[in-house]
Amino acid sequence: MPEPAPWRIDANRLALPTLRLQLDGVIEQANAAAAKLFGRQADELRATPLERLLSAGGRVLYHTQLMPTLRADGQANGLTLMVRDGAGAEQPVVAHASLE
């Protein structure tokens, strides 16, 4: 995978987990808060499909709500997805996505 473009902001200063994804859902970059949530180093998350980090219900919403809305409108905001943290427990996250 080629090196991604730099963040437009210093995402590592954000307290909220932040991921940058390719349109196919593969993680390009993750900030320190996301790495902590998933119990991995940020570079270990790179090239991981987001789907692998979602719960079963989170995958359903990802495929039926988030991605179709993102493709149709260029953005999707305020959708709560359930992810599996580093310990395997389900955690809610609020997803905001836009095409750039």
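This is a predicted model: local features need pLDDT of at least 70, side-chain atom pairs count only at pLDDT 80 or more; totals for chains, interfaces and linings use all residues.

Biologist: In what order do the elements of the chain run from the N terminus on?

Modeller: The chain has three helices and four strands. Read from the N terminus on, the elements run β-β-α-α-α-β-β.

Biologist: What radius of gyration does the chain have, and why does the value agree with a compact globule?

Modeller: The radius of gyration is taken over C-alpha atoms, and the globule rule is 2.2 Å times the number of residues to the power 0.38. The C-alpha trace spans about 30 × 30 × 25 Å along its principal axes, and buried residues make up 32% of the 100 residues in the chain. A compact globule with 100 residues would have a radius of gyration near 13 Å, and the chain agrees with this because its own value is 13 Å.

Biologist: At which residue does H3 bend?

Modeller: H3 has 18 residues and reaches 25 Å from its first C-alpha to its last, close to the 26 Å expected at 1.5 Å a residue, where the expected span is 1.5 Å times one less than the number of residues. A bend is the angle between axes fitted to the seven residues ending at a residue and the seven starting there. In H3 that angle is about 45°, and the residue is Tyr 62.

Biologist: Which strands do the buried residues of H3 pack against?

Modeller: The buried residues of H3 are Gly 58, Tyr 62, Leu 66, Met 67 and Leu 70. With contact taken as heavy atoms within 4.5 Å, these buried residues pack against strand S3 (75-84) and strand S4 (90-98).

Biologist: How many Å apart in space are Thr 80 and Val 94, C-alpha to C-alpha?

Modeller: Thr 80 lies in strand S3 and, not counting residues up to four places away in sequence, touches Leu 61, Pro 92, Val 93 and Val 94. Although Thr 80 and Val 94 are 14 residues apart in sequence, their C-alpha separation in space is 4.4 Å.

Biologist: How many salt bridges are there, and which side chain does Arg 84 meet in one?

Modeller: Side chains of opposite charge can pair when their charged atoms come close. A salt bridge is here a side-chain nitrogen of Lys or Arg within 4 Å of a carboxyl oxygen of Asp or Glu, and by this rule the count comes to two. In one of them, Glu 28 meets Arg 20 at 3.5 Å, N to O. In the other, at 3.2 Å, N to O, Arg 84 meets the side chain of Glu 90.

Biologist: Is Gln 29 buried or exposed, and with which side chain does the side chain of Gln 29 make a polar contact?

Modeller: Gln 29 is found in strand S2 (residues 27-30) and counts as buried because its relative accessible area is 14%. A polar contact is a pair of N or O atoms within 3.5 Å; within protein, one must be able to donate a hydrogen and the other to accept it, and residues adjacent in sequence count only if both atoms are side-chain atoms. At 2.3 Å, the side chain of Gln 29 makes such a contact with the side chain of Arg 20.

Biologist: What is the phi of Ala 47?

Modeller: Ala 47 is found in the loop between helix H2 (42-45) and helix H3 (56-73), and is partly exposed because its relative accessible area is 44%. Its phi is positive, in a residue other than glycine, and the value is near 75°.

Methods. Residues are numbered from 1 along each chain as its sequence is written. Side-chain values use heavy atoms; hydrogens and water are left out. Helices (H or I, at least four residues) and strands (E, at least two) are DSSP runs, numbered from the N terminus. Buried means under 20% relative accessible area, exposed over 50%, partly exposed in between (1.4 Å probe, protein chains only).
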